Amino acid sequence: MRDTPYLVVDETLLEANLSAMAAHARALGVALRPHAKTHKTPEIAHRQIAHGAVGLTVATVGEAVVFADAGVDDLFIAYPIWAVGPRAPRLRDLAGRVRLRVGADSVEGVRMLADAVHSGRAGAPPLAIAVEVDSGHHRSGIAPERAVEVATAALEAGLLVDGVFTFPGHSYGSGAAAPAAGDEAAALAIARDALVAAGIPCPVVSGGSTPSARAADGGVLTELRPGVYLFGDAQQWELDTIEPSAIALTARATVVSRREGVAVVDAGSKILGADRASYASGYGRLLDHPDARITALSEHHATIAFPPDAVVPALGTGLRVVPNHVCNAVNLVDELVVERGGTEAGVWPVAARGRTT
């Protein structure tokens, strides 16, 4: 018996989710390159590759190093890395160890990447970039029509160009997945066609998020990068992206206080994370009490409101809490407890947690 709170992965559900997305990618005719910032765990990375993933997507050089050390040899840092200071030699070393692709959305950025990798020396390791375009999320990314500017600068600086990518993050909203997938395909097609028209091959056309993955256009995309799909979370539950019966990660918590209509458990923001999207109905959900809502969250408390006719769980009752945003929750723990058939089967270290640089 463990002290609560802690995070649990249901191995059977995890495997089913991995298999389902791999099958979807195959049916769509695209490569699967899942985003490992969700799980940060080498054991899971190897399972994704065993299910057919061509490599991994990561967010930082630090995450990439962890997975390279674990034997993953094809990595995409889907972020406009600004390669100065200690990050530059780390990136150069990584490019010499694995097949590495890095995101870029500016001429200045690709020149910085080239300086970091070449560092005035002959025989520099190969580094490929993918040009990030904005497909409607309005975070990073250049206008699709301008992708050639970045790609040309990369080639002139001695870098390889893999193609183009985007993140349709505006898929996170009620009824937003299909429209965002359409925006994604349109933006990527414009960027791809612009590169080809300029005589620059564009073998990689990469997109995807967990909400939009099912609506992705296989006629445009060549690569899909979902992250949350393997676990699910309360956001995906509320967006109808995943059924609660398929959610593979929960926080185990204990009722430590109760009153009429309310229970308080020992899983607060320091294990669940504090995210609450505009469409979320609370700070998390309960698998075994789907009508209950977490109405308040502090560092070590989650306040759960139950419907008027519900029986509030007794003191000491164990509950399975679904975090709103599983990526944040995983980054708060050192290990994931693995269960098989309801019995603890092992522990997986979250080796890439905290690797933010």
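Predicted model: local features only at pLDDT ≥ 70, side-chain atom pairs only at ≥ 80, totals over all residues.
**Cavity**

I counted cavities of 30 Å³ or more and got one. Next I listed the lining of the largest cavity: Glu132, Val133, Asp134, His137, Arg139, Ser140, Thr166 and Phe167. I sorted these lining residues by type and found two nonpolar, three polar and three charged.

**Strand β8**

I turned to strand β8, residues 204–207.

Then I checked the neighbours of β8. Strand β7, residues 160–165, runs parallel to β8, and three bridges join them. I followed the chain from β7 to β8 and passed through helix α7, residues 177–197. This β-α-β crossover is right-handed.

Strand β9, residues 223–224, also runs parallel to β8, with two bridges between them. Serine 206 stands opposite glutamate 223 in β9.

**Salt bridges**

How many salt bridges does the structure hold? I found 19.

I started with arginine 2 and glutamate 344. Their closest N and O atoms are 2.9 Å apart. This pair links distant parts of the chain, 342 residues apart. Arginine 2 sits in the segment before β1, while glutamate 344 is in strand β17, residues 343–349. Arginine 2 has 28% relative accessibility and counts as partly exposed. Glutamate 344, at 41%, also counts as partly exposed.

Next came glutamate 15 and arginine 47, which form a salt bridge at 2.9 Å, N to O. Glutamate 15 is in helix α1 (residues 11–28) and arginine 47 is in helix α2 (residues 42–50), so this pair ties together parts 32 residues apart in sequence.

Is arginine 47 buried or exposed? Its relative accessibility is 17%. The cut-off for buried is under 20%, so arginine 47 counts as buried. Glutamate 15, at 26%, counts as partly exposed.

Arginine 47 has another partner. Its side chain meets glutamate 43 in a salt bridge, again 2.9 Å from N to O. Both residues lie in helix α2, four residues apart, about one turn of the helix. Glutamate 43 is partly exposed, with a relative accessible area of 33%.

Last, I traced a network of salt bridges. It links Arg33, Asp74, Arg99, Arg101, Asp162 and Glu223.

Key
Residues numbered from 1 in each chain as written. Heavy atoms only, no water. 1 Å grid on protein atoms, 1.4 Å probe; cavity = no way out; pocket = protein on both sides within 12 Å on 5 of 7 lines; lining within 4 Å. Points joined across faces, edges and corners; volume = space filled by probe spheres on them. Nonpolar A, V, L, I, M, F, W, Y, C, P; charged D, E, K, R; others polar. Buried < 20%, exposed > 50% of the residue type's maximum accessible area, 1.4 Å probe, protein only. Pairing = 2+ DSSP bridges. Right-handed = clockwise from strand over helix to strand, strands pointing away. Salt bridge = Lys/Arg side-chain N within 4 Å of Asp/Glu carboxyl O.
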